[in-house]
Amino acid sequence: MNKELYTYRKALLGLTCVFALTFTSCEEEFLDAEPQSFFTPGNALNTPDGLASLNNNALARLASEFYGDGAPIITENVFSEVAVEGTTDKSGPAQDLNLLILPDANLNSSDTNRIGWYWNLFYEGIKFTNTVVGRIDDAEFESDEQRATILGKAYFLRGYFYYRLTQQFGDIPFVLDEVKEPKLDFVSTSRITILEKIQEDLNAAVSMVPEVSDKGDVSKGAVLHLLTKVNLALTDFDAAIASSSQLIEGGQHRLMTNRFGATAGDATKDVTWDLHRPQNKSIIVIRRVF
């Protein structure tokens with residue numbers, strides 16, 4: 001038995017040596033990689049398509065707030081007057097705030113809350129949009145309209161992320177430039193200062209983005225809607241009236257004032273109830289509201 005084991009080990013050692021000699025005797029160029037292309041910020045983000053892809057990455061973070069198991073918007077609703085925590089089979093995020101929302105808690109879980117998700121994912125979106133704004137002049141565009149659309153979308157998306165973060169956290173770090181190297185000295189900026197800059201950018205974006213866009217993309221109506229929210233947050237009520245009136249009277253959207261759909265006959269409810277009924281969601285008039 002020992003003799004057979006010895007023979008086996010000897011054969012294995014010999015085979016290992018053969019493989020080692022084979023690989024070490026290969027010509028050096030055999031191991032040299034021959035990449036077919038190189039993608040760097042300098043050559044990938046100097047085209048309209050490259051910059052548009054960054055906007056799309058930011059837009060994906062906006063959309064993901066509302067979808068999936070334990071969608072982040074649930075946290076937004078539970079920690080406001082919009083909803084009440086109704087979980088009965090486990091400890092919910094609003095049952096012990098000291099335990100579940102302090103900095104050392106799990107702040108990104110469908111079992112607790114998504115407070116950390118907002119911070120991390122929205123700053124990722126800000127990173128993408130800052131890059132678009134900072135590199136917009138590096139690209140050659142087919143037209144001024146194409147350039148304006150890409151820049152206007154970046155303004156809207158960055159404004160959305162900062163508006164939501166200031167409403168959730170108050171004073172926060174305010175970064176408007178692409179961060180190209182490690183940075184550890186972030187400081188908070190006044191919420192009002194941030195909102196004033198967002199207001200400026202959104203006013204510019206109104207004339208940049210298309211009146212009508214693909215479903216889920218940024219449109220003029222979306223910019224005006226966000227601008228109205230920012231105006232209200234700044235208590236700039238005259239500006240809020242102006243931006244909301246432009247949205248309502250612009251031709252693409254209108255306020256719902258009459259009862260409609262399968263629930264229109266319920267006299268105990270109102271048009272707001274009709275707007276949020278599942279059986280009414282497919283009615284074409286709903287799509288004109290948003």
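**Exercise 1. The chain as a whole**

Among contacts in the protein chain between residues at least 6 apart in sequence, what percentage join residues at least 24 apart?

*Solution.* Keep in mind that this is a predicted model.
- Step 1: take the contacts between residues at least 6 apart in sequence; of these, 56% join residues at least 24 apart.
- Step 2: look at the elements. The protein chain has 12 helices and 2 strands, and from the N terminus they follow the order α-α-α-α-α-α-α-β-β-α-α-α-α-α.
- Step 3: turn to burial and surface. The protein chain has 290 residues, and 35% of them count as buried.

**Exercise 2. H7 and H8**

Work out how helix H7 and helix H8 are oriented, and list the residues that meet.

*Solution.* 
- Step 1: locate the helices. H7 covers residues 144-169 and H8 covers residues 191-205.
- Step 2: read the geometry. Their axes come within 9 Å and cross at roughly 155°.
- Step 3: apply the cut-off. Angles over 145 degrees count as roughly antiparallel, so H7 and H8 are roughly antiparallel to each other. The crossing is left-handed.
- Step 4: find the partners. On the H7 side they include Gly152, Tyr155, Phe156 and Arg158, and on the H8 side they include Arg191, Ile194, Leu195 and Lys197. Sorted by class, the contact of H7 with H8 has 9 nonpolar, 4 polar and 4 charged residues.

**Exercise 3. H3 and H7**

Are H3 and H7 roughly parallel or roughly antiparallel?

*Solution.* 
- Step 1: helix H3 spans residues 48-63, and its axis lies 10 Å from that of H7, at an angle of about 25°.
- Step 2: angles under 35 degrees count as roughly parallel, so H3 and H7 are roughly parallel to each other. H3 passes H7 in a left-handed crossing.
- Step 3: among the residues making the contact are Leu51, Asn55 and Leu59 of H3, together with Ile150, Leu157 and Phe161 of H7. By class, this contact of H3 with H7 has 11 nonpolar, 2 polar and 2 charged residues.

Definitions and conventions: Residues numbered from 1 in each chain as written. Predicted model: local features only at pLDDT ≥ 70, side-chain atom pairs only at ≥ 80, totals over all residues. Heavy atoms only, no water. Axes fitted to C-alpha atoms, helices over the stretch in contact; angles between N-to-C directions. Helix = DSSP H or I, 4+ residues; strand = E, 2+ residues; numbered from the N terminus. Parallel < 35°, antiparallel > 145°, perpendicular 65-115°, else oblique. Left-handed = near helix turned anticlockwise from the far one by under 90°. Contact = heavy atoms within 4.5 Å. Nonpolar A, V, L, I, M, F, W, Y, C, P; charged D, E, K, R; others polar. Buried < 20%, exposed > 50% of the residue type's maximum accessible area, 1.4 Å probe, protein only.
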